[in-house]
Structures are given as structure tokens and as C-alpha cells.
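This report describes selected features of one protein structure. The sequence and the model are shown first, and the description follows.

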Amino acid sequence: WDRCQMLGIKGINTTVEQEQQAGMREKQVLEDLEMPLARREMETLFQEQPEIGNQYLEDTLLRSYLKTHLPPKVLEEVHQDLERFGNRLLTQIQPLSWECERNPPVFRQYDAWGRRVDHIHTCSAWRRMKEISAEEGLIAEAYERRYSSWSRLYQAVKLYLFSSSSGGFNCPLAMTDGAAKVIESLGIPGSLKNAFDCLTSRDPEQFWTSGQWMTERRGGSDVANGTETVARQQPDGSYRLYGFKWFTSAADSDVTLTLARIADAEGQCTPGSRGLSLFFLRVRDEEGKLNNIQVQRLKDKLGTRQMATAELWLQGARAELISAEGRGVAAISNMLNITRMHNVIGAVASMRRMISLSRDYACKRVAFGKLLKDHPLHVQTMARMEVQVRGAFLLLMEIVRLLGLAETNLASEQDQLLLRLLIPVAKLYTGKQASAVAVEAMESFGGQGYMEDTGLPVILRDTLVLSIWEGTTNILSLDVLRSLAKSQGQVMAAFLSTVQKKLELASGSEGLSPAVQRTREAIGSLRRFLEAAGSEQALTMELAARDFSYSLARIYTGRAQTGGTEPWDGRGALLMEHAARPDASPTDVCAALRWCSQELCPVAEESARGSFGRGAALQDSALVFGNS
């Protein structure tokens with residue numbers, strides 16, 4: 001609705017003159033269809049290309065959110081910068097994005113004379129993306145805290161707008177942000193002061209990006225048992241790392257954080273997570289030579305091909321221990337929160353981009369004698385995707401709002417508990433949403449959606465990583481259960497208390513009453529499930545983990561607050577809350593009602609079917625592996 005109803009950059013419902021122009025264009029297309037076949041064969045066959053305008057100005061949900069939540073002075077400054085940034089994305093950054101896609105990194109292992117050089121060549125557009133990231137303060141904004149707790153949200157909004165035009169550079173920015181967060185959480189020790197300044201710099205000449213080298217040959221999220229890299233202490237107190245890193249994203253970065261096991265005097269290492277420590281290292285020395293690192297090869301990935309991902313041998317790489325010995329996993333928790341937040345940003349941005357393109361195409365493409373926008377079934381399909389994107393966007397804004405409060409010591413205990421729960425919930429849920437929406441949206445372009453040179457397949461490819469990177473759906477679902485257990489139920493109590501309060505406030509909003517009732521029923525079902533699961537074996541909760549996490553995402557995204565006489569307390573601005581604002585539109589109400597019309601508590605439904613017992617687990621195994 002952003003383009004078609006509000007701004008009229010390329011809309012169809014903006015001014016009388018534009019309506020007339022659209023009508024004339026449609027009439028001309030229909031006349032062309034009636035053209036004699038002999039003449040049509042001599043004409044060039046073409047379809048009008050979908051276009052996007054200033055993505056900030058066209059995103060009415062984003063702008064209404066900022067208007068509702070930001071203090072007026074902050075909003076004024078932010079609005080001006082985002083409008084300018086939206087124009088820069090359209091005119092300067094998007095063309096660079098195509099260049100990054102067309103010119104992926106190339107690995108040259110040897111020079112012409114047989115000397116090993118291990119050079120990863122990236123295109124000029126990729127290097128320019130790094131400069132632009134610094135100029136726009138895409139990392140700096142969160143750490144300068146010019147707008148107190150709103151600085152993190154402002155940074156997230158810029159990253160959201162940048163993501164789909166970044167040519168894949170959003171990925172190294174995620175790890176750079178995560179590295180800066182880890183260093184900040186350590187109190188920015190003197191030895192890391194220069195690194196922190198470079199990671200958060202606005203000066204393109206000084207700005208560094210960071211990698212994140214955690215995955216080894218045994219791979220996956222089980223770093224406690226999969227990490228084999230050994231750290232040996234040197235006489236000067238530094239360490240040298242020896243091992244093989246199987247999957248190193250942004251291998252062309254300036255620095256990286258990595259896990260390793262410190263060997264004792266006898267060369268022995270402590271197994272499990274207790275043996276892991278966190279290290280900081282420069283990838284190259286002052287002369288540009290690799291820090292005792294050999295590049296084995298670049299990964300041949302399905303998507304995110306614009307970014308160099310490599311297999312690396314560490315052969316005595318000099319590094320600095322930055323965590324307490326054996327506390328590496330705890331030290332990277334802050335990094336994981338940040339990179340998972342970036343994952344959510346990428347998911348929501350990709351959905352918004354696909355729908356923006358689909359909407360514009362529907363206003364141009366004629367099929368069966370009329371524009372796609374005039375086919376009710378086509379519009380219904382797009383509307384269903386729009387509801388998903390709106391929910392995902394507001395969930396994103398909620399976690400970055402809570403993070404901003406936590407970073408400025410303004411978060412209550414309940415805010416902190418919610419943040420711990422909602423980050424893995426948001427990451428796992430939006431990752432699945434993004435791939436589903438991308439596949440559905442591709443259909444709206446017909447065969448053109450499948451053509452590589454339209455630029456649409458790359459959006460789908462790059463989206464598919466979002467449910468894998470930083471923890472698969474199942475891994476994060478189990479992480480949600482750990483957060484409940486570790487807090488001894490406090491996380492779940494905070495969740496239920498927050499939702500219940502919002503429902504009470506929403507009870508007076510007549511237009512939202514069906515959604516309120518559906519959410520109340522879902523909360524009741526969730527409570528009953530938790531009570532019943534408390535007396536069951538651990539297997540029950542493990543089998544229920546994914547559906548349980550989905551239930552949390554759907555219920556929280558649909559929870560409510562009324563706008564009328566109640567003061568706006570800033571807590572959570574999700575679909576019903578957004579729809580209950582005094583200046584909310586009928587479209588906002590419609591989105592909330594439609595969200596709440598889906599099954600909000602799938603875990604209760606599946607539990608009633610007996611999906612989580614030992615018998616169900618045996619049936620699952622038989623279905624997959626047979627009776628052997």
C-alpha cells in the first residue's frame with residue numbers, strides 16, 4: 001500500500017492526472033494485444049520492468065512506526081537523514097549492488113612465478129560498499145548513542161533500508177557490529193581500543209570490518225564439541241593459533257574473533273565448552289601479508305556469492321586472548337544477539353523488497369485482458385504476504401527497541417527477560433517467513449521471476465541462508481527452551497504477563513475485539529500446554545520446541561494495546577498495538593485481524609493430536625528410516 005496509496009511516486013491512486021495516465025497506458029497495452037499477428041511478430045516483445053522508488057518514503061509502516069515512537073526532535077533529524085539515504089540507495093548504492101552480484105570474489109592461490117599469495121580479489125563495487133557503510137555510520141550509529149536508547153533502533157532502520165541494496169555487504173556488517181559489541185561488553189580494554197575505534201569509525205580510511213570464525217571441520221552449531229583449534233601461549237603473553245576453520249564468512253575482513261582451546265604445558269586441552277576461549281586477531285600484518293593464515297579455497301555457495309567465504313588454515317596465527325580462559329562461549333553471547341538481530345533485519349528487508357517489486361509489477365503487467373492488480377486472487381495472495389511482512393517488521397522493531405534500552409541501562413528486568421526470549425524467537429520465525437514469502441512473491445512475476453537477469457532469483461538465493469546462519473530453526477527452538485530453563489521460568493512469566501496486560505488495555509477497542517478474543521484463547525491454550533508439559537518427560541518439550549517457538553512468535557506479534565485514553569508506554573508496538581493508535585488506518589486494523597485469524601498456538605493444537613509423546617517419536621523414526 002506504500003506506493004499505491006500514499007506517495008504516488010509510481011502509484012495508481014494518487015492524483016487524477018496519474019489515474020488518467022495509467023488508464024491511457026492500460027488502454028494502449030490492450031490495443032497492442034489486439035494488433036494483427038503479422039505486425040506483432042515484427043515488434044519487440046517486452047514486459048515493463050518493476051521498479052522501486054525511495055524505499056523510506058514508500059514504506060508507510062516504517063514511517064508511521066517512527067512517528068509513533070520517536071521523540072519529536074529525534075524524528076525530525078532522523079526523517080531528514082532517512083529521506084536523503086533513501087535517495088542515495090536508489091541512485092548510487094543499488095547500481096553497486098548489481099556490480100557486486102555480477103563480480104563475485106575470486107581466489108588466486110599462486111602468482112605467475114609459483115609463489116603462494118592466497119589473494120582474495122573483490123570488485124571495486126564491494127570495496128565501495130565498505131566506504132559507504134562507514135560514511136553512513138551503519139555501525140557507528142549504534143555506539144555513538146546520539147539518540148540514547150533510540151540509537152540502536154535508528155541504526156537498525158538504516159540497515160533495513162540498506163540490506164536489499166547492499167550487494168551482500170550486510171553480512172560483514174553484521175559480524176562487524178557483533179565484534180564491536182563484544183569489545184564494548186568487555187569494557188573496551190586498552191589493547192582493543194584502536195580496534196573498537198576502527199570497527200565503529202565513520203572514516204572510510206579508518207573503518208574495519210570483522211569476520212567471525214567459529215565453524216570448524218566437524219561444523220554446525222555444536223561449537224563446544226566441534227572446535228579443534230589450539231592456542232599456544234607465547235613468551236610475550238600473546239597466543240598463536242593452530243587449526244582449520246571450515247566456514248569463515250567475510251574472509252576479506254580486516255580482523256576477526258574466533259574460538260580456540262588453550263593448550264597447557266603438556267599440550268593438553270580441556271574438552272567441551274569449558275575449554276573454549278575467545279581470541280581477537282588481525283587477518284593481515286602492517287605490510288598486508290596474511291597472519292600465518294593459508295586460504296584453502298572459497299566456498300561455492302547457493303547464495304550470498306557476493307561475499308568471500310573461505311576455508312582457512314591457521315598455522316601459528318598471532319592472536320590476543322580477550323575472554324577469561326574457558327569463558328569463550330559466554331563472551332560470544334553478545335555477538336550472537338547482534339548477528340541474530342541482523343539476520344532478522346535481512347529477513348524483513350528481503351520480504352519488503354519482493355513485495356514492493358510485486359506491487360509495482362501488478363500495476364504494470366496485463367494478463368487475460370486486465371492488469372494484475374485487477375485480478376482479485378492475485379491481490380489476495382499479495383495481501384497475505386503483506387500481513388506476514390508487517391508482523392515481521394514490528395517484531396524486528398520490538399527487539400531492537402528492547403536492545404536499545406538494555407544498552408543504555410534503561411531496560412527493566414522484564415525488558416531484559418523479554419529480549420533474551422524474543423531474539424531467538426524472532427530470528428527463527430522471520431527466517432522461515434522470508435523464504436516462504438520470497439518463493440510466493442516470485443510467482444507473481446510468472447516466468448520472469450525465474451530469469452536470472454531480472455535480479456529476482458538472487459533475492460531468493462540470499463534469503464535461503466537466513467534460516468541456517470546463526471542457528472537453524474531447530475537449534476534456536478532448543479535455545480528458546482534453554483532460556484526458559486535457565487531463568488527458572490522467569491522468561492515465560494515475563495512473556496505471559498506482558499501479553500496479558502496488553503490484552504486488558506485492548507479490550508475497549510471494538511474494531512479489534514475478534515483479534516483480542518483469538519489471542520486470549522491462544523494464551524489460554526499456551527498456559528494449559530505448559531502446565532501439562534511440566535509433568536511430562538523432557539522428550540515432550542524437545543519435540544514441541546519448534547511449534548512452541550512459533551506460538552510465541554505469533555502470539556507476541558499479535559498482542560494488543562489500545563490508543564484512546566491510555567498513555568503510550570513504549571512497550572511493544574506490534575500489530576494490534578499499531579492498529580490501536582489514534583491515527584491508525586483501516587489497513588492497520590485489517591492486518592491485525594488477519595494475523596490473528598491464523599492458528600496462533602500451533603503447539604497446543606499439535607499436542608492435542610499426540611504429536612509430542614514417545615509413541616509419536618517412534619512413529620517419526622519409522623516414517624523416516626523404516627522399521628530397521
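## Helix 15 and helix 16

In this predicted model, helix 15, formed by residues 413-443, packs against helix 16, formed by residues 456-464. The angle between the two is about 165°, and their axes lie 9 Å apart. Because angles over 145 degrees count as roughly antiparallel, helix 15 is roughly antiparallel to helix 16. The crossing of these two helices is left-handed.

On the side of helix 15, the contact is made by Ala-434, Ser-435, Ala-438, Val-439 and Met-442. Their counterparts in helix 16 are Pro-457, Leu-460, Thr-463 and Leu-464. Sorted by class, this contact of helix 15 with helix 16 comprises seven nonpolar and two polar residues, with no charged residues.

## Helix 13 and helix 15

Helix 15 also packs against helix 13, which spans residues 333-362. Here the angle is about 25°, and the axes are 9 Å apart. Since angles under 35 degrees count as roughly parallel, helix 13 is roughly parallel to helix 15. Helix 13 and helix 15 cross in a left-handed manner.

Residues that helix 13 brings to this contact include Asn-337, Arg-340, Val-344, Ala-347, Met-351 and Ile-355. Among those of helix 15 are Ile-423, Lys-427, Thr-430, Ala-434, Ala-438 and Met-442. The contact of helix 13 with helix 15 has 12 nonpolar, seven polar and two charged residues.

## Strand 9 and its partners

Strand 9, residues 310-321, pairs with strand 5, residues 239-249, in the antiparallel sense over eight bridges. Within strand 9, Ala-317 is the residue opposite Leu-241.

Strand 7, residues 276-282, is joined to strand 9 by two bridges, and the two run antiparallel. Phe-279 faces Leu-321 of strand 9 across the pairing. Strand 8, residues 293-298, is also antiparallel to strand 9, with five bridges between them. Leu-298 has Ala-310 of strand 9 as its bridge partner.

## Strand 4 and its partners

Strand 4, residues 230-233, forms an antiparallel pair with strand 5 through four bridges. Val-230 stands opposite Tyr-242 of strand 5. Strand 4 and strand 5 form a hairpin with five residues between the strands, in which Gly-237 has a positive phi near 95°.

Ala-231 is placed opposite Ile-262 of strand 6.

## Gln-598 in a loop

Gln-598 is located in the loop that connects helix 22 (586-596) with helix 23 (602-608). Its relative accessibility is 18%, and because buried means under 20%, Gln-598 counts as buried.

Leaving aside residues up to four places away in sequence, Gln-598 touches Gln-388, Tyr-429, Arg-518 and Arg-554. One of these, Arg-518, is 80 residues from Gln-598 along the chain, while their C-alpha atoms are separated by 9.2 Å.

## The protein as a whole

The protein contains 24 helices and 11 strands. Of its 628 residues, 55% count as buried. Among contacts between residues at least 6 apart in sequence, 73% join residues at least 24 apart.

Terms used: Residues numbered from 1 in each chain as written. Predicted model: local features only at pLDDT ≥ 70, side-chain atom pairs only at ≥ 80, totals over all residues. Heavy atoms only, no water. Axes fitted to C-alpha atoms, helices over the stretch in contact; angles between N-to-C directions. Parallel < 35°, antiparallel > 145°, perpendicular 65-115°, else oblique. Left-handed = near helix turned anticlockwise from the far one by under 90°. Contact = heavy atoms within 4.5 Å. Nonpolar A, V, L, I, M, F, W, Y, C, P; charged D, E, K, R; others polar. Pairing = 2+ DSSP bridges. Buried < 20%, exposed > 50% of the residue type's maximum accessible area, 1.4 Å probe, protein only.
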